[in-house]
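Here are a few notes to read alongside the model. I start with the core and then go on to the salt bridges.

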Amino acid sequence: ATGLRDSCRQLVEDKQRLLRTADDLHRGLAFFDGATVIAKKLSQPSLNVVSAEFLGLMEQLDDCMAYLEHNPSFRDAAKYLQQYQQLHMRCFGVFKTQLGKFLDDAALAGSKASTNGTANALIQTKSTIEFRSVARMLQPTLSFLALRATPQSADGSNDPGTPEMPSTSTLRRYRTILASLRRLYFDKRQTLVYATLRQRLVALS
């Protein structure tokens, strides 16, 4: 009876160990299989950069790249990493395109101000309010990008030895796109301010 119990216990332990191994393999494969799914989602016209779905895609890309960067010996790891890096840049491109559209819409009233006579001040005020509204709307996504551009691990420990630590190239990409987005916002806002100033100077002359 004792021998039978020991055999049963061993079988249970073996089963649990195999299940853990299978789970580990499944989680590891997910880092290789996610590229196709992410690419399809990025191609959806309805994708909105201020949505939780977009932030989820960015997080998934970061996780996949970090996993492959810390496991370069895996078969085809370099090939898959390159795919994820390309998708990463696509995410940035989508964000920049939509940001430009948001800002263009906000500045539209200001661009029409020169034809509206005494309504100029009201239109410029409306444009300024819309710019601020865009900034508030994008704040969660921009905060996410800014956080990812800092050299800290996923748990916030700033421990360079943790596996979740993003690579230097990933940090550089985030910093580059952040600088580009800030420049885009500044340029659009500057255009609106200059238009307002020019019209006021014309009115005073």
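Which residues in the largest nonpolar core touch the most other members?

1. They are F54, M58, Y84, F95 and L145, out of 38 residues in that core. A nonpolar core here is a set of buried Ala, Val, Leu, Ile, Met, Phe, Trp, Tyr and Cys residues joined through side-chain atoms within 4.5 Å; buried means under 20% relative accessible area, exposed over 50%, and partly exposed in between (1.4 Å probe, protein chains only). Helix α3 (77-111) gives the most to this core, with 13 residues. Helices are DSSP runs of H or I, at least four residues long, numbered from the N terminus.

2. A word on the source: this is a predicted model, where local features need pLDDT of at least 70, side-chain atom pairs count only at pLDDT 80 or more, and totals for chains, interfaces and linings use all residues. Residues are numbered from 1 along each chain as its sequence is written, and side-chain values use heavy atoms, with hydrogens and water left out.

3. Have a look at F95. Setting aside neighbours within four places in sequence, F95 is in contact (heavy atoms within 4.5 Å) with V49, F54, L138, T141, L142, L145 and L181.

4. The whole structure has 4 salt bridges, each a side-chain nitrogen of Lys or Arg within 4 Å of a carboxyl oxygen of Asp or Glu. In one of them, R148 pairs with E59, with the closest N and O atoms 3.5 Å apart. R148 sits in helix α4 and E59 in helix α2, so this pair ties together parts 89 residues apart in sequence.

Notes: Helix = DSSP H or I, 4+ residues; strand = E, 2+ residues; numbered from the N terminus.
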